[in-house]
Each structure stands twice: as C-alpha cells, then as structure tokens.
Amino acid sequence: MRAIVRAGLLPGAVVCGAIVCGAAPAARAAGPVVTPGRARPGETVVVSGTCPAADRSVRVSGAATGEGAVRGGRFRVEARAARETGRRPVEVACVPSGRAAQAPLEVRRPRRPRPHGWAMGGGDGFQVPWTSVAMVLMAGAAGTGATVLVRSRFRRTRG
C-alpha cells in the first residue's frame, strides 16, 4: 500500500512544482495587457500596464495607436486598432525612461455592411428606394402578361 501511495505522490509533487515554478516568472514579468484581445480596424482597445514611477507619459504603437499619462507608475490608454489585419504586437514605450514592452492583439477583418430595409443607391447622392421600384416593375410586368393572355384566349374563342 505504501508503494502505491509513494508512486502517486511523486508525479503529483512534480506536476505541482512545475506549475508553481512556471507561474512565478510569468507573474514577475507582467507586461502590458490589451483588452479585448481581438478587435476590428478602428475599434477602441484599452492598453494598461506599469512604467517606472518617474515616467510622465506612455506611447502606444504597432497594432494599435494612442497616448496617455502615467500616474503612480501605472497607465491605462484607450488606443485605436490599426487597419492591417492579423495577429500583431502592440508596442508600449514609457517616456522619458524609454522602457518598452509588447502585448499581442489580433486585428480581425472589418465587417461588411449588410443591407437592411431598402437598398439605396451609391455615393452619387441619388437615393432611390429600389425595393418599391422593383415591386412596381414586377406588378406592371404581371399585369401586361395577364392582359396579353386574356386577349389571346378571347381571340381563340371568338375567331
């Protein structure tokens, strides 16, 4: 029984040690955080993190751009996502110390506009409610077809 307990404790201790040792360096080396991690071009993301206490401002560039102030060694900047799509880094530079760090941001494709309601004309300023125009044209075509059909049957029966 003791051998079974020892055999179970050793792998458990190794896994717990790996988790604790693996998490400690990540906690110490915390860089900037981009929230949300995915955005479309032109959307606003929040970049937050820390700079040395003597710094006054921070510049954000790369996959998102913006500027903000450092207060008490911390910053929170609202930045706009860039036009280029893909997973790219957001670069943060503290001013005047020059300390730099990066965080990933996934810029997704822009949404395609989906028509809803009436379809409108292009950029020439000429607005036509195409839905109602199409309905009128279809009603006219159906009326013309019905008239031709009635006249042709009337001629066959009288002629």
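Here is a short walk through the structure, one selection at a time.

**Before you click**

This is a predicted model, in which local features need pLDDT of at least 70, side-chain atom pairs count only at pLDDT 80 or more, and totals for chains, interfaces and linings use all residues. Residues are numbered from 1 along each chain as its sequence is written, and side-chain values use heavy atoms, with hydrogens and water left out.

**Stop 1: the whole chain**

Start in cartoon view. The chain has two helices and eight strands, and along the sequence they follow the pattern α-β-β-β-β-β-β-β-β-α. Helices (H or I, at least four residues) and strands (E, at least two) are DSSP runs, numbered from the N terminus.

The accessible surface comes to about 12,000 Å², with 60% belonging to carbon and sulfur atoms; areas come from the Shrake-Rupley method with a 1.4 Å probe, and for residues only the protein chains shown count as cover. Of the 159 residues in the chain, 18% are buried. Here buried means under 20% relative accessible area, exposed over 50%, and partly exposed in between (1.4 Å probe, protein chains only).

Contacts tell you about the fold too: among those between residues at least 6 apart in sequence, 52% join residues at least 24 apart. A contact means heavy atoms within 4.5 Å.

**Stop 2: the sheet**

Color the strands. The eight strands form an open sheet in the order β1-β3-β6-β5-β4-β7-β8-β2, with mixed pairing. β1 (33-35) and β2 (38-39) are at the edges with a single partner strand each, so one side of each is left without a neighbour in the sheet. Two strands pair if DSSP finds at least two bridges between them.

Next, select these pairs:

- β4 (residues 57-62) and β7 (residues 86-95) run antiparallel and are joined by six bridges. Valine 58 stands opposite cysteine 94 in β7.
- β7 and β8 also run antiparallel, joined by eight bridges. Look for glycine 86, which stands opposite valine 107 in β8.
- β2 and β8 (residues 100-107) run parallel, with two bridges between them. Arginine 38 has glutamate 106 in β8 as its bridge partner.

**Stop 3**

Proline 96 is in the loop between β7 and β8, and a cis peptide bond with omega about 15° joins valine 95 to proline 96.

Then jump to proline 36, in the loop between β1 and β2. The peptide bond from threonine 35 to proline 36 is cis as well, with omega near -10°. For background, most residues other than glycine have a negative phi, and most peptide bonds are trans.

**Stop 3**

Select arginine 40, in the loop between β2 and β3 (44-50). A salt bridge is a side-chain nitrogen of Lys or Arg within 4 Å of a carboxyl oxygen of Asp or Glu.

Show the backbone as well: the side chain of arginine 40 reaches the backbone oxygen of arginine 109 at 2.5 Å. Not counting residues up to four places away in sequence, arginine 40 touches Ala81, Val107, Arg108, Arg109, Pro110 and Arg111.

Now select aspartate 55, in the loop between β3 and β4. Aspartate 55 is buried without a salt bridge, and the nearest side chain of opposite charge, arginine 99, is 6.4 Å away. Its contacts, leaving out residues up to four places away in sequence, are Val70, Cys94, Val95, Pro96 and Ser97.

**Stop 4: the salt bridges**

How many salt bridges are there to find? The count comes to two.

- Arginine 59 and glutamate 67 meet through their side chains at 3.8 Å, N to O. Arginine 59 is partly exposed at 47% relative accessible area, while glutamate 67 counts as exposed at 62%.
- Glutamate 84 and arginine 88 have their closest N and O atoms 3.3 Å apart. Glutamate 84 is partly exposed at 46%, and arginine 88 is partly exposed at 23%.

Definitions and conventions: A polar contact is a pair of N or O atoms within 3.5 Å; within protein, one must be able to donate a hydrogen and the other to accept it, and residues adjacent in sequence count only if both atoms are side-chain atoms. Lys and Arg count as positive and Asp and Glu as negative; His and the chain ends are not counted.
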